[in-house]
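Take a look at the structure first.

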Amino acid sequence: DPDNDGIDNLVEYVLKNGNPDSSSTGILPILDASGSNFVFTFLRRIDATGTTQTFQYGSDLGATPWTSVEVIDGGMVSITSPEAGIEEVVITVPKDSNTKLFGRLQVVK
């Protein structure tokens with residue numbers, strides 16, 4: 001993380017407008033928990049190949065294991081192309097009885 005923005009270089013490589021050489025915290029995914037679902041949204045570059053993205057979520061940052069969802073279109077994951085070279089990824093998790101939810105994007109090469 002040469003730019004010291006706290007974002008892993010591989011994540012910056014995948015996300016729209018990510019640049020490992022300059023701080024770019026505005027590219028981070030957003031979580032909307034205002035309705036009956038937790039909705040995790042991010043924009044990714046189509047040409048950022050050679051990686052696997054996984055959304056992980058859980059109701060506790062501590063002992064509870066994270067539930068993993070592969071970031072491919074279908075089920076909880078919806079992928080559209082709002083502009084050339086970019087995909088919008090929206091992951092929808094029903095709240096059910098959860099009053100809180102934590103989510104994170106894992107990127108591996």
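Which residue forms a salt bridge with Glu-87? The partner is Arg-44, with the closest N and O atoms 2.8 Å apart. This is a predicted model: local features need pLDDT of at least 70, side-chain atom pairs count only at pLDDT 80 or more, and totals for chains, interfaces and linings use all residues. Residues are numbered from 1 along each chain as its sequence is written, and side-chain values use heavy atoms, leaving out hydrogens and water.

**Salt bridges**
- A salt bridge is a side-chain nitrogen of Lys or Arg within 4 Å of a carboxyl oxygen of Asp or Glu.
- The count by this rule is three.
- Lys-16 pairs with Glu-83, at 2.8 Å between the closest N and O atoms.

**Burial**
- Both Glu-87 and Arg-44 are buried (under 20% relative accessible area, with a 1.4 Å probe and protein chains only).
- Asp-47 has 53% relative accessible area, so it counts as exposed (over 50%).
- Arg-45, at 23%, is partly exposed (in between).

**Strand β3**
- Thr-54 and Gln-56 both sit in this strand.
- Thr-54 is buried at 14%, and Gln-56 is buried at 9%.
- The side chains of Gln-56 and Arg-104 are joined by a polar contact of 2.8 Å. A polar contact is a pair of N or O atoms within 3.5 Å; within protein, one must be able to donate a hydrogen and the other to accept it, and residues adjacent in sequence count only if both atoms are side-chain atoms.

Technical notes:
Helices (H or I, at least four residues) and strands (E, at least two) are DSSP runs, numbered from the N terminus.
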